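Open the model in your viewer and follow the stops below. Each stop says what to select and what is there.

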Amino acid sequence: MSGKDAAPKSSVAAEAKVDFAPQTSKVEDFQYYPDKPLDKLHSKSFFVKEPSRYYDPCAESSKMAVRCMESHEDDYREVCAEYFKAYRECKKEWMLKRREGTW
């Protein structure tokens, strides 16, 4: 993967800075992945990219899932299930907002 395909450094949240369980009673506020796919920086980066370029605002979640698969070659489906789920949730949130046109 080249440096051009990676997410901008300012958009990738450090794990220590992500509030996975905010002090709220609403389940919708919980975040199970390190990415922030609805960040305005992702929106701008997506629209200024070349048409043939792929842009993934959930790149950090994707990298975590791939690292897990590489580390657990034999039983990765069971061990890495949470990483896969986090990536799917991130992607689903991004695509939903994108389809609504509110992104």
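Predicted model: local features only at pLDDT ≥ 70, side-chain atom pairs only at ≥ 80, totals over all residues.

Buried here means under 20% relative accessible area.

Begin with C68. C68 has a relative accessible area of 6%, so it counts as buried. Next, view the pair along the S-S bond. The torsion there is about -90°, so the disulfide of C68 and C80 is left-handed.

How many disulfides does a search of the whole structure find? The search finds two.

For the other stop, select C58 and C90, whose sulfur atoms are 2.1 Å apart in a disulfide. C58 is in the loop between α1 (40-48) and α2 (59-71), and C90 is in helix α4 (residues 81-100), so the pair ties together parts 32 residues apart in sequence. Is C58 buried or exposed? C58 is buried, at a relative accessible area of 0%. C90 is buried too, with a value of 0%. The S-S torsion of C58 and C90 is about -90°, so this disulfide is left-handed.

Finally, display both pairs together. With the bonded cysteines of the protein chain numbered in sequence order, the pairing reads 1-4, 2-3.

Conventions:
Residues numbered from 1 in each chain as written. Heavy atoms only, no water. Disulfide = S-S within 2.5 Å. Helix = DSSP H or I, 4+ residues; strand = E, 2+ residues; numbered from the N terminus. Buried < 20%, exposed > 50% of the residue type's maximum accessible area, 1.4 Å probe, protein only.
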